[in-house]
Amino acid sequence: MIESFDHLEIYCPQLGMMLTFNYCRRSQSSLPCRNLMGCWEERIPVDSFLGENFSREDLEAAFGGIPKTRMERIFDYLTQINEKKPG
Ligand code: SF4
């Protein structure tokens, strides 16, 4: 569920203040902050969270410049989820 980690707080190095994950996951016009992976990967399962809650197009728009291998892992996860869905 997309709200699962919304209550968690983190110090934002860009804004210089505490923020909740709710902000980080939608800080770019409802898309995740470009730094979300780096900021949150030690605290939540970032790859699966992104794969479960965003489309490939959304992720490319949000993280277009990140290393391809990481994006491919997330896309693989997304594909696995879609294959498991009934119907
Ligand atoms: S993910 Fe973005 S908004 Fe959130 S703490 Fe990191 S830099 Fe700040």
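What you're looking at is a predicted model. The chain has 5 helices and 2 strands, and along the sequence they run β-β-α-α-α-α-α. The radius of gyration is 13 Å, close to the 12 Å from the globule rule for 87 residues, so the chain is as compact as a globular protein of that length.

**Overall build**

- The C-alpha trace spans about 45 × 25 × 25 Å along its principal axes.
- Of the 87 residues, 18% count as buried.
- Take the contacts with a separation of 6 or more: 40% of them link residues 24 or more positions apart.

- Strand S1 (9-12) and strand S2 (residues 17-20) pair in the antiparallel sense, with 4 bridges.
- The two strands make a hairpin with 4 residues between them.
- Cys12 has Met17 of S2 as its bridge partner.
- Gly16 sits in the turn and has a positive phi of about 65 degrees.

**Around the ligand**

- The residues around the ligand are Ile10, Cys12, Pro13, Gln14, Leu15, Leu19, Cys24, Ser27, Cys33, Asn35, Leu36 and Cys39.
- Two elements, strand S1 and helix H2 (36-40), each give two or more residues to this shell.
- Sorted by class, the shell comes out as 9 nonpolar and 3 polar residues, with no charged ones.

**The cores**

- The largest nonpolar core is a set of 8 residues: Phe49, Leu50, Phe54, Leu59, Ala62, Phe63, Ile74 and Leu78.
- At least two residues of this core come from each of helix H3 (46-53), helix H4 (56-63) and helix H5 (68-84).
- H4 is the top contributor here, with 3 residues.
- Apart from that core there's another one, of 5 residues, including Phe21, Cys24, Cys33 and Trp40.
- Cys24 and Cys33 turn up in this other core and also in the shell around the ligand.
- Within H3, the buried residues are Phe49, Leu50 and Gly51, and their cover includes H4 and H5.
- Ala62, a member of the largest core, also reaches beyond its sequence neighbours: leaving aside those within four places, Ala62 is in contact with Gln28, Leu31, Pro32 and Arg34.

- Most residues other than glycine have a negative phi.
- Against that background, Ser29 has a positive phi, near 50 degrees.
- Ser30 also has a positive value, with phi near 80 degrees.
- Ser29 belongs to the loop between helix H1 (21-24) and H2, and Ser30 is placed in the loop between H1 and H2 as well.
- Ser29 counts as exposed because it has 7 other C-beta atoms within 10 Å.

**A spot on H5**

- Asp76 is part of helix H5.
- Asp76 has 12 C-beta neighbours inside 10 Å, so it counts as exposed.
- Asp76 and Ser48 are 28 residues apart in sequence, yet their C-alpha atoms are 9.9 Å apart in space.

Technical notes
Residues are numbered from 1 along each chain as its sequence is written. This is a predicted model: local features need pLDDT of at least 70, side-chain atom pairs count only at pLDDT 80 or more; totals for chains, interfaces and linings use all residues. A residue is near a molecule or strand if its C-beta atom, placed from the backbone, lies within 6 Å of it. Ala, Val, Leu, Ile, Met, Phe, Trp, Tyr, Cys and Pro count as nonpolar, Asp, Glu, Lys and Arg as charged, and the others, Gly among them, as polar. A nonpolar core is a set of buried Ala, Val, Leu, Ile, Met, Phe, Trp, Tyr and Cys residues joined through C-beta atoms within 7 Å. A residue is buried if 20 or more other C-beta atoms lie within 10 Å of its own, exposed if 12 or fewer, and partly exposed in between; C-beta atoms are placed from the backbone. Two residues are in contact if their C-beta atoms, placed from the backbone, lie within 7 Å. Two strands pair if DSSP finds at least two bridges between them. The radius of gyration is taken over C-alpha atoms; the globule rule is 2.2 Å times the number of residues to the power 0.38.
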